[in-house]
Amino acid sequence: MRGEKAPNILVSRDQTAATALEMGGINYAKPGRAVPADEEADDAESSWEELPTPPQSPPPPAGTGLSPDSAAGSSRGGRAMLGAGGGAGAKGAKPSFVSYLGPQEVHTRETINPHLLPGELLLCEANMVLKYIQDDGSSRGTCGKLICTNFKISFLGDESALDDEPQFKNKIIGENDITLQCVDQLYGVYDEKKKSLYGQLRKYPEKIIIYCKDLRVFHFCLRYTKEEEVKRIVSGIAHQAQTPKLFKRLFLFSYATTVPAQNNTELKNQTVMFDSVKDWRQELERTKGNLKFKAMSVNEGYKVSKKLPPYFVVPMTVSEESILRYQGRGIPIWCWSCHNGAALLKMSALPKEQDDSTSQMYKTFLDGMYKSIDKPPYEAMKADDLSSSLPPLQEIQIAYTRFKQLFLVDNSADFWDTDVKWFSLLESTNWLETVRRCLRKAVEVTESLEAQNINVLLIEENASDLCCVISSLVQVMMDSYYRTKLGFQSLLQKEWIMGGHAFLDRCNHLRQSDKEEAPVFLFFLDCVWQLLQQYPQAFEFTETYLTVLSDSLYIPIFSTFFFNSPHHKDTTTYGGNLEAQGSPLNYLSVWDWSVQFESEAQALLNNPLYAEKLKLSQRKTSRFKHQRQLSLPLTQTKPPPKRGFFKEETDQLIKNILGKRISKLITSSDELQSNSREFYDSWHCKPVDLHGLLLPRLEGPEIKVWAQRYLRWIPEAQLPGGGTVATATKVLDVMEDVQSLQKKVDERQSQIVSEENTEASPFVRNPARLSSLFPFALLQRHSFKPVLPTSTWKDLEGEADLARRDDEFVDLGDV
């Protein structure tokens, strides 16, 4: 693009100069020089050219900003130019006004100062940066400032002309803010070639692309930025976001040492934190597990193990000496008790030793532990080694890496290009099948507890990954308390935070070891979402709650998801020493949602369809189909001569999904055991008790893509006026009407006249303006889907440009 000389872009004859300035309709071209074929590509100095000094022109009026179409060059165009409707390589229309203003002479309305949090430091910045909007294949955008701090990468620009004020606004992270922990991949564009940015840079790119872990994609053009600023901002972003960090250098500690102390008394009174013996005893009493289990404080001060929490629950017959013997390994730790007395437990596996005497000693110790929960004929125990029955973490990580690539879309053209083969690509990732296997395992454990009335012991190397997933899923399915918002938060505190899940390593916040990275917690949230979308009335929280919970993984002001164990957190609270004197760091908990959202936005986390009282509902509920399903062939195929998970599943599967590629789902080798299948079929034949046991439907079409989280930044995936949002809006409207009428009745009875209005709904009144991906995506940006099949549309793209140019630039003379 730099190698060709681009003409100045001309403003249409129908526009005056003032109108063009006010509308931001000025386009710029960067003059270039011919680059010899044998010139070195790494010559950084020759790749940057100064814009010539333009003729004297009056300064632009206040409020002028770069047009969205003033970005330098289309991503596919061969010239560094953009016109207001002209394509790459198109001839300019005969103008009546020519603008010679260079981009350095156009200023934004005001210099926007960055909003910095306590402890946040501005490290580098760059002006005259264009943020592209990749929504229709063309490079449109807005001009502003790009900054990098020790907390985030942020773009500061005036986008009021492009977007409405978002209704679901996060007070910590703005629409154009990217926390350093949220950066997934960083690329630079050199002469239309995309290369990864890492380490010491020999040449600085003309555009940078940031792929985020929450699946946002940002394109920033640096062509009009000063060379010195480009070097600083690119080097700063690459260093802060990609270079391995020391734990103490995370922004979490800078913020905690600067922010004023927070009063979390009310928070702790609501969400059970499980940081005291009292919390564990109350949970034992709630589940009637105190008859066979006891809360232990033997690890207080982490005298036994740094991987165990200070307090936990074990069977009555387990002694302190047994816990001390192997530092808590091989000890069955209580998770939850069923109403019939059966218990769910977990255990860290003992290390595998080659020495025969040591192995025999371990075996003897484990036999004693098994007998503490396996006492036939009164009690029976089933041990389940999750490492052999579920995919390893590396396989989950690989599946998710492939899966997320489907949603990191650069532009509309790439989206529609993959649309026709999207389901085959989805199947090849194996992500949904992994989710199905996990839910199937949870059904098997539930059947053992509920139907067979036996204790289940989950075994894993550290009992802090897949044990957390399965034990939490089983409790959500069997205990309606954990389907409330406070109950779910208490469950995460018990099983994940106090359970010692290594969030720091699994989320790779330090970028020190990719081998330890695995999306285990996100995997669990996806499984919970499958239950929620199948039984929406059974959950007090919404999928928006789950989505913002997944986003909170990458906001380093909350301590909830930033440590590997309770010991890891407690030692840093007091400066690395549990016995240190002084004031502890002021860590925030993610459960204090007021830190991120106003009360109106928090209302979107609560499910208005939640059935607070016990109600029976039909098992089959109507659910909207995602737009991508409309792209699939609807022809029916004959069922293959192979049996599926369930006999009755095959017919429904073939009716809904289309093609031979999905046959892997039908012929899955991981079928439910015969007892579990009978239990599963029997339960689904009965009406659903929303406050009782819930079992997920495992048929192929029922395991869906979590659209709100994965597709929310893709305008093409939006369903205008569709989805559960429209339903929730109508329900809220009815609820507000009822409340208003009730208020009037109360006022008449008491003869009190009140002029106060009822609290406004956080939803827009007109459901037609809502999107299926609301509240994260609005309907301001959406692109046109080609009528022709994608392959044909792509083949004819060149001819379409020729036809458009012929129609667009016909000189009619004086007619």
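Is E379 buried or exposed, and at what relative accessibility? E379 counts as buried, because its relative accessibility is 19%, where buried means under 20% relative accessible area, exposed over 50% and partly exposed in between, using a 1.4 Å probe and protein chains only. This is a predicted model, in which local features need pLDDT of at least 70, side-chain atom pairs count only at pLDDT 80 or more, and totals for chains, interfaces and linings use all residues. Residues are numbered from 1 along each chain as its sequence is written, and side-chain values use heavy atoms, with hydrogens and water left out.

**The sheet and its helix**

- Eight strands make an open sheet with antiparallel pairing, in the order β6-β5-β4-β3-β10-β9-β7-β8. Helices (H or I, at least four residues) and strands (E, at least two) are DSSP runs numbered from the N terminus, and two strands pair if DSSP finds at least two bridges between them.
- β6 (177-179) and β8 (193-196) are the edge strands; each has a single partner strand, so one side of each is left without a neighbour in the sheet.
- On average, neighbouring strands of this sheet are turned by 30 degrees against each other, direction ignored. Axes here are lines fitted to C-alpha atoms, for helices over the stretch in contact, and angles run from 0 to 180 degrees between N-to-C directions.
- Strand β3 (residues 122-133) and strand β10 (residues 217-221) run antiparallel and are joined by 2 bridges. K131 has F220 as its bridge partner in β10.
- Packed on the sheet is helix α2 (residues 227-242), which touches β3, β4 (140-149), β5 (152-157), β7 (183-190) and β9 (207-212). The direction of α2 makes about 100 degrees with that of β3.

**A buried glutamine**

- Q493 belongs to helix α14 (residues 485-497) and counts as buried, because its relative accessible area is 4%.
- Apart from neighbours within four places in sequence, Q493 is in contact (heavy atoms within 4.5 Å) with T271, V272, M273, F274, M498, G499, T560 and W591.

**Aromatic rings**

- You will find 42 aromatic pairs in the structure. Rings of Phe, Tyr and Trp (its six-membered ring) pair if their centres lie within 6.5 Å; planes under 30 degrees apart count as stacked, over 60 as edge-to-face and the rest as tilted.
- Y187 and Y211 form an edge-to-face pair, because their ring planes stand at 85 degrees, with the centres 5.7 Å apart. This pair links distant parts of the chain, with Y187 in strand β7 and Y211 in strand β9, 24 residues apart.
- Y187 is buried, with a relative accessible area of 19%, and Y211 counts as buried at 5% relative accessibility.
- F521 and F561 make a tilted pair, 5.1 Å centre to centre with 40 degrees between the planes. F521 sits in helix α16 (residues 520-534) and F561 in the loop between α17 (543-551) and α18 (566-573), 40 residues apart; F521 and F561 are buried.
- Ring pairs also build a cluster, whose members include F488, W496, F521, F561 and W591.

**Charges over rings**

- K248 has its charged end over the ring of F253, 4.8 Å from the centre. The rule asks for NZ of Lys or CZ of Arg within 6 Å of the ring centre and within 35 degrees of the ring normal.
- R697 lies over the face of Y535, 5.1 Å from the ring centre.

**Salt bridges**

- The count is 22 salt bridges, each being a side-chain nitrogen of Lys or Arg within 4 Å of a carboxyl oxygen of Asp or Glu.
- R216 and D214 form a salt bridge with their closest N and O atoms 3.0 Å apart, and R216 and D214 are buried.
- E379, from the opening question, meets K292 in a salt bridge of 3.1 Å, N to O. K292 is in the loop between α5 (277-286) and β11 (293-296), while E379 is in the loop between α7 (356-371) and β15 (381-385), 87 residues apart. K292 counts as partly exposed at 29% relative accessibility.
- E516 and R506 meet in a salt bridge of 3.0 Å, N to O. At 37% relative accessibility E516 counts as partly exposed, whereas R506 counts as buried at 11%.
- A network of salt bridges links E283, R286, D479 and K494.
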